[in-house]
Each structure stands twice: as C-alpha cells, then as structure tokens.
Amino acid sequence: MDDLIVEFLTETNESLAAIDVQLVDLEQNPNDANILGSIFRLMHTIKGTCGFLGLPRLETVAHRAENVMGRFRDGTLQVTTDYVTLIFESIDRIKYIVGELEANGKEPDGSDAELIEKLDAVYEGRDSAQAGAAPAPTAAAPEAAAALDPLQALWDSLPSPDDPIAAALNAPPLPPMSEDEKKEAAVPAAAAAAPKPVAAVPKADEDHTARESNVANQTLRVNVDVLENLMTMVSELVLTRNQLLQIARSAKENEFATPLQRLNHVVSDLQEGVMKTRMQPIGAAWSKLPRIIRDLSMEVHKKIDLVMVGQETELDRQVLELIKDPLTHMVRNSGDHGIELPADRVAAGKPETGKIILRAFHEGGHIIIEIKDDGKGLNTPRIREKILEKGLASTEEVEAMTDRQVQQYIFAAGFSTAEKVTSISGRGVGMDVVRTNIEKIGGTIDLHSEMGKGSTFTIKIPLTLAIVSALIVECAGERYAIPQLAVQELVLGSETGTANRIESINGTPVFRLRDRLLPLITLQKLLKLPDVIKEETDQDKRRSNSASNNRYIVVTEVGGYTFGIIVDRVFDTEEIVVKPVARILSDIELFSGNTILGDGTVIMILDPGGIAKATGEISVAQTADKEEDQAALVREGARTSLLLFYATGEAPRAVPLSLVARLEDVDVSKIEHSNDQMLIQYRNSLMPLIKFDPSLELASEGTQPTLVFSDGTRSMGLMVREIIDIVEDNINVQINSDRNGFLGSTIIHGRATDIIDVGYHLKTAYKDWFKDHGDEDFDREDMKRLRRVLVVDDSPFFRNMLSPLLSVAGYDVKTAENPLRALEMQEKGEHFDIIISDIEMPEMNGFEFAEKVKHSDCAWKNTPMVALTSHATQHDIERGQQVGFTKHVAKFDRDTLLSTLSQTLAEQRQERKSA
Amino acid sequence: MSLAGETEKFRKRRAGEVDEGLRQTDYLMILIGGQRFGIPVLQVQDVLRQQKVTRVPLAPPEVAGAMNLRGRIVTAINVRCRLGMQDLPEGQNTMSVVVEHENELYSLIIDQVGDVLSLYNKDFEPVPATLDSVWRDIATGIFRLDDKLMVVVDVPRLLQHSVH
C-alpha cells in the first residue's frame with residue numbers, strides 16, 4: 001500500500017477514536033464551543049486529506065457530516081440526540097470505509113446516498129425536526145454572503161474554480177459559512193492585503209492551534225517493530241549486566257568494580273527509558289467506552305454516567321492491547337447488569353442516574369484498574385442457586401461458602417445469572433474469558449460486591465511483560481522462578497516441631513496459617529522430580545539437625561485461591577526476562593516461560609495459574625456450560641454452524657460444519673504409511689490422512705480425532721488434536737491470505753479462532769490421490785478441457801471457500817466480487833460453462849444480473865446459471881426461474897452444489913448433442 | 001521421477017549446469033554408538049563441547065533440557081534416546097550440534113563430531129526398507145563411503161517427533 005495512505009489511515013484512526021469521546025461530551029454540553037471546534041477540525045482534516053489522496057467516497061461522507069457540524073458550530077442548529085446519532089452514523093460509515101481501505105487498499109464499492117441524503121436534509125433544514133422551525137440557514141445566508149462580498153472579487157480572480165468553497169459561494173441559496181471555511185477564505189484575502197477578516201479569527205483558537213503544532217513537532221512516529229526490537233536488545237543487555245555483576249561479586253576486589261557500577265546504572269536508566277517508549281496512557285484503551293455506554297443506555301433505557309479517572313496512567317502497549325477487550329466487556333457488563341433501570345433506582349433511594357467509575361493508578365510496579373458501579377450488586381443467593389443448578393458444587397459446599405467465595409463463581413465459564421439474555425451481555429461467555437485473558441498476562445482479578453450497593457472489580461496487572469521480578473527457589477537441586485506478583489508471603493514450616501508444623505491429612509500436607517488451613521503442594525512431587533532431597537537431608541542432618549526439618553512455603557494466590565508451594569530453598573528475588581519456552585515444551589502447563597539467570601544458567605519459570613490448575617482446585621473456571629451459550633447464540637439471524645477443534649497449540653480452529661462429512665476416531669494402530677502418506681482403510685477403500693499441521697503429534701496408541709471430508713467418491717481425513725464443540729455463530733472473517741490453509745480469523749466465544757481452508761487440505765491430499773488411483777473418474781471430454789466456472793459473490797469468505805472447493809472438484813474457477821465485474825469479463829470475451837451467482841449483492845442483485853446475462857445480446861445467454869442463496873423462498877425460486885436461473889442451491893450445501901453443477905453440465909452437453 | 005523433476009533436469013542441462021550426480025554436497029559427520037551420521041553442513045549452526053543443561057521436568061524423554069547458548073535458550077535433544085539407543089555411560093563426554101528448526105534452536109547431543117565431507121550425489125542411496133522404523137523415519141538416505149556407510153539425518157524429521 002502507498003505509504004501516504006498508510007499514514008493517513010493511522011492518523012484517521014486516531015482522530016476517529018478521539019471524535020467518539022468528544023461527541024458524547026458534546027451531547028452533554030451542547031454549547032461547548034471548544035469541543036465543537038475540535039470535532040469540526042478533525043472532520044475537516046479527514047475530508048481534506050481524502051480529497052488529496054483521491055478517496056471520493058470517504059470525502060463525500062466527511063464533507064456532508066462536516067456541513068452539519070458547521071451548523072452546530074454556527075449555532076443555527078441545536079445539538080440534539082438525534083443529530084448526534086446521525087453524526088455517529090456518519091462516523092461509523094467512515095470507519096467502515098477506512099477499515100475496507102486498510103484491508104483491500106481501496107475504497108469499498110457501494111453507495112452512501114441514503115446517509116448523505118439524511119445529512120443534507122439536516123443541513124438544509126429539511127428534516128422533520130426543523131421543518132416547522134424558522135429556516136435559520138437561509139436567513140443567515142444573505143448575511144454571510146454580504147459579509148464576504150468584497151472577497152467574491154478576489155475569489156473570481158483566483159484560479160481555483162473546483163474549490164469547494166468557491167463552489168459553495170457561487171451556489172444559491174448560500175449555506176451558512178462555517179468557522180473554518182471563513183478562516184480558509186480569510187487566508188487568500190490576507191494574502192491580497194485585506195487584514196480585516198484575519199482579526200475576526202478568535203484569538204484563543206489561534207493559540208490553541210499553535211500549541212498543537214508544537215506538540216506535533218516534539219513527537220515522532222516510530223514503527224512498533226523498532227521499539228520491540230529495542231526492548232529485546234535491552235533485555236539481553238540487562239541479562240549480560242546481571243552476569244557481569246555476578247562475576248564481579250564473586251571476585252571480591254578488582255579494577256572492574258567501578259566501571260561495572262556505572263554500567264549498572266546506565267543499563268538501569270536505559271531499561272527504564274526504553275520501557276517508557278512502549279508506554280501508552282490507558283486512556284487509549286478507554287476511548288471507546290463513553291460511546292459504548294451511551295449506546296447501551298439508549299438501548300436499555302438506563303441513565304448511566306461513566307466517570308474515568310487516571311486516563312493518563314501509562315502501561316506497556318502490549319499489556320494495553322491485551323486488556324482492551326476484557327475492560328470493554330466488564331464496563332459493558334456493569335452497565336447492563338449492574339446499573340438498574342431509573343425507576344428501580346429511585347425506588348431504592350438512589351439517584352436516577354447510575355454511575356460507573358473507571359479508575360487506573362500505579363501501585364508498586366503494578367497497575368491497578370478499578371471498575372466500580374453503584375448498581376444493584378451481585379445477587380449472591382441467586383448465584384448460590386445457580387451453582388447448585390449447574391452442579392458446580394454440592395449443597396453442603398455451597399452452604400459453607402462465604403459470599404466472597406460464591407461471587408468468584410461468576411468467573412466460571414458459561415455462568416450467567418442474567419434472567420434475560422440481551423444483545424449486550426448475559427451469554428455467560430464473558431467473565432471467564434476476561435479472567436483467562438488477565439491471567440494470561442500475569443495479572444489477577446478480584447471482585448467485591450454488596451447487594452443493593454454495587455460491585456467493584458479490581459484488576460492488578462504487571463507494568464510490563466518482558467521483564468518481571470521473580471522469586472528464585474530451589475527444588476531437588478534445580479532452581480525455578482515464581483513470578484513475584486503471585487507470591488503473597490514466605491513462611492517457614494517445620495516437619496517435626498510443634499509450632500508452625502506442617503500437618504497431613506491422608507498424606508496430603510496442609511498448614512495452619514493464621515487460623516486458616518492452607519492447602520500445600522510439594523513442588524518436587526508436582527514436577528515428578530527424583531527424591532534427591534533424602535541424600536541432602538542426610539548431609540544436612542550431620543551439619544545441623546534443626547535445619548533439615550524446615551520447609552519453605554511460598555504462599556501463592558491465584559484468582560482468589562490461596563495455596564502454599566513447598567520448596568527446598570528460597571533465594572532472592574531477581575528481575576528476569578521472560579522468554580517463551582520452546583514449542584516442544586509448550587504443552588507443559590506448569591511453566592510460563594524460561595529465563596537466563598545472572599550466572600548464565602537457564603531456569604524454568606513456574607506458572608502459578610498452571611500449578612493451581614494442576615492441583616484441580618481452580619477448575620471452577622474450566623467447567624464450561626455449553627447449553628446456555630448455545631441458547632444465546634442461536635437467537636440471532638443468519639448464522640453458520642462451525643465445528644471447533646484444537647489442532648496444535650492453544651488456539652481454537654473452526655471449520656464450517658457443512659463441509660465436514662463425518663467425525664471419526666481413527667485407530668492409530670490401523671494407520672498405514674505409503675509413499676510419505678498416511679492412509680487408512682475406510683469403508684473398503686483407502687483414505688489419505690493428513691495431519692492438520694506437520695508438527696501435530698499423533699497419539700502413540702488409541703485413537704486420533706479426525707474430520708472426514710468427502711468429495712464424491714473420494715474422502716480424506718484431517719487429523720486434529722481434540723474436537724471441542726459445535727457452535728453457531730456469525731462468520732465475520734477478516735480475510736488473511738498470507739497463511740496457507742487458513743481462510744481467516746473470527747471471534748468465537750470471545751476467542752480469536754482461525755477458520756481453516758478445507759480446500760487447501762483437500763489439495764494436499766489429492767495430489768497423492770491422483771497418483772495412486774489414476775483418473776478413472778474423468779471422462780474423455782473432461783480430461784481435454786477443464787470446465788470453467790464463474791463464481792459471483794460479494795462475500796470474500798464465500799469466494800475463498802468456493803474456489804478451492806470447486807478447483808479440487810476439477811473445475812477451472814474464476815471469481816467476481818459483483819455482477820458488474822462479471823459483465824466486464826463478458827465484454828472482454830471470457831467464456832464460462834456455468835455461472836454460480838449469489839442473489840443478495842449490493843449495486844446489482846442476482847436477479848438483475850441473470851436478466852442481463854439472459855438478454856439476447858449477451859454472449860453468455862446460453863450459459864446455464866445456478867443461484868446460490870442463504871434463504872430461498874418459493875417466491876424467490878420462481879422469480880429466479882423466470883429470469884433464467886437453472887437451479888437454486890443453498891449456501892454451504894456443497895454436495896448439492898457439486899451434484900447440481902455436474903448435472904447441469906451433463907444436461908447441457910446432452911442438449912448440444914441433440915441439437 | 002515426476003515430470004517437473006525431469007523438466008528441471010532438462011533445463012539445467014541446457015543451461016550448462018553440472019549433472020546432479022556429480023554435484024557435491026557438504027555434510028558434517030557425527031558419531032553415535034559407532035554409527036556414522038551426516039547432517040547437511042548448511043543446517044549446522046554450531047558445534048559445542050559438553051554443556052551444562054538444565055533439566056526440564058515433565059518434558060518428553062528425548063528432551064535433555066534447556067541450555068544457554070550465548071544468551072539464547074536452546075532445547076537440548078538426546079539423540080541416543082530419540083533413536084532408541086542406550087545412554088552413554090555416566091562420565092563419558094558428549095558433544096552437541098546446534099541446528100535451527102522453525103525459528104527455534106535445538107542442540108543435538110551426540111557422542112562425537114567427525115570431519116566435514118564433500119560427497120557426490122551419485123553415491124547417495126535411498127534408505128533400505130528393512131531398516132528399523134525409527135531410523136527409517138529420520139533418515140533421508142545412505143552414503144556409501146569408502147570404508148563405512150553414513151546415514152544422512154533428516155533434521156526436521158528428527159525434531160518433528162518431539163515438537164508438538
């Protein structure tokens with residue numbers, strides 16, 4: 001993409017985020033000229049840059065929206081909710097166009113006529129709200145025209161007849177002049193020595209602009225990769241410094257001591273400085289929230305005030321990215337579940353308007369984010385019921401739980417107490433994802449709620465991910481690091497003494513910690529390490545008798561669950577650079593990474609979350625309840641069934657269920673190898689098996705879950721690690737073509753999920769298939785020439801799905817994203833054997849397209865056409881037949897599509913022969 | 001041979017390039033339990049003497065642990081274990097060959113490192129079908145040396161088994 005466009009996109013995205021916040025402000029303070037001015041400027045910049053870069057669609061929308069905002073600014077139009085909504089609509093359209101631009105490098109096709117009409121209606125005072133009121137703009141117009149009359153002559157002499165301002169000046173009736181336009185007009189006038197209009201420019205505004213440009217001069221855009229790289233190098237430098245310091249410490253006196261000390265300081269400063277470059281104010285992650293809360297309150301008819309404190313609190317941008325979505329989700333939750341309806345609030349003796357306070361601040365190397373609402377709080381009795389209902393705990397257990405423990409259950413997957421599922425929240429797929437995401441970055445989430453008074457969520461996250469402080473412990477002669485964030489305290493326990501004694505219940509060690517029983521985990525047993533302590537203990541015993549009985553307990557807290565880890569020794573805390581573990585070790589949940597210590601030794605970093613999980617205590621978060629998700633997910637319109645599975649790693653993958661013929665558990669011992677290819681005897685023929693990823697390790701015995709894809713008489717098996725579930729969801733794919741085997745990614749259950757390209761895997765299997773089995777399926781004619789198919793569909797997802805599918809089935813496939821493009825192909829003299837067309841497409845729908853094709857002048861009039869629809873009513877089918885579609889096939893029904901294709905082609909061949 | 005391969009040969013011949021059979025490839029010879037193995041020299045990043053390796057609990061058996069190679073963490077693979085051979089007796093020194101696979105470094109722990117050999121492709125033979133399945137899996141072929149045979153190791157396949 002053009003560098004200019006890239007820069008424009010970055011800038012525009014920033015401006016758009018800013019506008020969102022400011023518009024909500026504006027609605028609350030409609031008369032604030034400063035806010036108006038800055039929104040206006042942003043719109044104006046977008047418009048101006050678009051014109052320069054040749055983006056007509058974007059320019060038109062921005063221009064019309066700017067017109068309306070100009071009227072707000074001139075005070076000729078009162079700011080009302082309806083108008084703000086309209087501006088939001090324009091901004092959404094701009095966002096959409098910008099998004100498309102980013103993805104495809106060009107403006108999307110389509111028209112904004114409707115929106116423009118609405119904007120123009122408001123601008124010209126034709127809308128319903130203004131129609132009765134005095135026609136303010138026309139009244140103001142002559143005045144403006146009169147004021148600018150002397151400039152008119154200047155304008156006429158200027159060689160810019162295309163200038164929008166000049167055009168506006170010449171076009172009667174004259175719309176009101178916006179402040180900026182006046183300013184623009186003033187500039188050439190000033191050049192022609194007419195000083196008066198310059199004086200008219202408000203002085204404050206001038207100062208403001210000057211300040212802004214100053215700030216702009218002091219900042220520099222740097223590619224994130226450069227910063228990341230710098231950070232990695234500084235991390236390495238820190239490690240090397242640590243090593244040097246270690247050596248220097250052991251060497252007592254030497255001449256390196258002083259320079260090393262200086263190096264130490266410089267490196268520390270450097271580390272801090274580089275970390276700062278990665279810091280971003282948390283406000284960047286909050287900018288969308290006012291808008292979300294505003295939309296939400298409109299939708300559910302609540303009055304909500306969002307107060308944000310500490311926007312300037314900075315944190316690592318990597319962390320920021322990761323907490324953005326969880327935060328949005330939680331604020332939305334507070335608004336949707338927490339805050340009551342105005343009537344209920346008044347009845348409860350609270351102010352009508354609910355308050356959500358979002359607060360961020362630093363506290364000892366961590367950042368704390370608080371989301372507090374004064375709503376109804378968590379309904380603890382209801383949660384207790386729900387726990388029982390879902391069978392997450394027994395009646396006795398639930399009774400024994402404190403309110404705080406009960407509240408923790410809202411972080412369990414599939415746990416939602418909202419009676420009614422709204423489009424905003426209540427699908428029970430939220431809080432568990434929030435918690436998982438926060439724990440992933442080494443953070444913790446805590447919750448405090450009081451019925452009737454409100455809830456407070458407290459998120460504690462490390463400032464940065466790259467360097468963390470960790471406690472170094474020893475177990476069975478090896479050292480391990482435990483992230484300091486999870487460590488609460490260190491306790492010395494004893495195996496034999498009376499005080500601080502480690503007791504055991506049925507062999508399980510426990511410890512009395514301040515009148516509470518602390519469950520203990522022996523690290524050595526957990527890691528299945530050999531019992532080398534015995535020998536050491538013997539040695540120790542000889543040295544000192546008492547020491548051997550002492551055990552260090554690292555009291556650790558993960559998500560409200562506190563437990564002790566028994567280790568052999570505790571060293572000091574060290575700043576460590578977290579490095580990801582090698583792929584071969586990434587399956588071991590107990591380690592979150594590894595690092596190199598000052599003395600050059602590699603040590604593993606323990607993951608407290610993984611340890612808690614391994615001991616089974618924290619399984620609350622893992623108990624998924626699919627029913628509720630399903631119920632919630634089915635509600636909304638056009639959805640696709642997706643099969644979710646794990647292949648390699650932790651990222652879920654999905655494939656449209658309709659493409660899968662069967663699910664099989666393939667017996668690993670029955671897999672045969674031939675010619676580098678795995679095969680299995682399946683339904684009396686050989687079926688090739690493909691690993692989803694070459695690095696997928698097959699089970700050594702037992703069975704391997706396999707997705708079977710069938711294509712006529714041929715089948716192939718795609719082996720995966722685990723089949724998770726079938727969900728129904730909208731597929732909203734961001735196409736990403738640079739990875740083989742993937743169509744793109746979508747969000748399912750709040751997780752990024754890759755949608756696999758079945759065609760790619762079919763192709764991998766078929767290469768060998770053709771070699772092994774010959775070409776018996778093909779008749780002579782097909783061998784001579786591949787059948788040419790044209791697929792017309794506006795959805796890139798379908799195009800990408802159909803074309804590999806059809807090519808695998810032996811067709812030569814061409815695609816067109818709309819009928820117009822298809823007709824262009826026709827003009828170029830392209831010829832196809834069959835056309836598959838979608839019905840609902842912007843600009844020209846499938847019926848109109850068919851009419852065009854079947855028209856007697858068209859070279860394609862004899863080409864059979866198949867309609868592809870997501871919902872075909874009898875009426876549609878009849879209409880389709882009238883305009884010339886031979887067949888109707890449902891989208892995703894690939895078997896029917898393929899059989900329809902071959903049938904239609906055969907019929908055509910027959911006709912030709914008889915003709 | 002596939003048609004594409006034939007075409008490629010033809011193209012090369014026309015371009016006056018050397019016949020495949022006379023083309024030479026360099027291999028680093030390594031020794032494990034008296035058997036010679038060859039690793040294409042271009043894949044070798046480093047040759048190391050015995051190093052301190054940190055054990056990784058719960059890792060697959062062939063993973064000897066993790067080690068520090070000039071600030072990078074390298075996963076050490078016990079090749080004897082991978083090939084189903086007994087470990088060397090305690091105290092006997094080993095050596096390591098560092099290779100890169102899918103952007104990660106692996107240190108293959110072997111008995112000894114020999115010379116770098118330039119070998120003619122014509123002396124290359126496919127793996128005998130009768131070979132043990134584990135060995136067959138990791139070998140791309142056999143070289144007939146003057147005195148002994150050398151098994152050419154397919155490094156990605158050697159590591160594939162372990163990598164998830």
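**Figure 1. Overview of chain A in the predicted model.** Among the contacts in chain A between residues at least 6 apart in sequence, 66% join residues at least 24 apart, where two residues are in contact if their C-beta atoms, placed from the backbone, lie within 7 Å. This is a predicted model, in which local features need pLDDT of at least 70 and side-chain atom pairs count only at pLDDT 80 or more, while totals for chains, interfaces and linings use all residues. Residues are numbered from 1 along each chain as its sequence is written, and chains are lettered from A and ligands numbered from 1 in the order in which they are written. The secondary structure of chain A comes to 32 helices and 35 strands; these are DSSP runs numbered from the N terminus, helices being H or I of at least four residues and strands E of at least two. Of the 915 residues of chain A, 34% count as buried, a residue being buried if 20 or more other C-beta atoms lie within 10 Å of its own, with C-beta atoms placed from the backbone.

**Figure 2. Helix H12 of chain A.** With 27 residues, numbered 224-250, helix H12 of chain A reaches 39 Å from its first C-alpha to its last, close to the 39 Å expected at 1.5 Å a residue; the expected span is 1.5 Å times one less than the number of residues. Buried in H12(A) are A:Met231, A:Val234, A:Ser235, A:Leu239 and A:Asn242. Just after H12(A), A:Lys252 takes a positive phi of about 55 degrees.

Figure 3. Strand S22 (residues 672-674) and strand S23 (residues 677-682) of chain A pair in the antiparallel sense over 3 bridges, and two strands are said to pair if DSSP finds at least two bridges between them. A:Glu672 stands opposite A:Leu679 in S23(A). S22(A) and S23(A) form a hairpin with 2 residues between them, and A:Asn675 in the turn has a positive phi of about 55 degrees. S23(A) is also joined by 5 bridges to strand S24 (residues 685-691) of chain A, and these two run antiparallel; here A:Ile680 stands opposite A:Met687 in S24(A).

**Figure 4. The open sheet of chain B.** In chain B, 5 strands form an open sheet in the order S3-S6-S7-S5-S4, with mixed pairing. Strand S3 (44-49) and S4 of chain B stand at the edges, each with a single partner strand, so one side of each is left without a neighbour in the sheet. S4(B) and S5(B) pair in the antiparallel sense over 6 bridges, and B:Gly65 stands opposite B:Ala76 in S5(B).

**Figure 5. The contact between chains A and B.** The contact takes 20 residues from chain B and 26 residues from chain A. Strand S4 (63-69) and strand S5 (72-78) of chain B each supply at least two residues of the side of chain B that touches chain A, and the largest share of that side, 4 residues, comes from S4(B).

**Figure 6. Two nonpolar cores.** A nonpolar core is a set of buried Ala, Val, Leu, Ile, Met, Phe, Trp, Tyr and Cys residues joined through C-beta atoms within 7 Å. Of the 81 residues in the largest nonpolar core, A:Ala481, A:Ile482, A:Leu606, B:Ile39, B:Ile77 and B:Val153 touch the most other members. The largest share of this core, 6 residues, comes from strand S8 (residues 467-475) of chain A. Apart from this core lies another, of 55 residues, among them A:Val727, A:Leu743, A:Val792 and A:Ala822.

Technical notes:
Buried ≥ 20, exposed ≤ 12 C-beta atoms within 10 Å, placed from the backbone.
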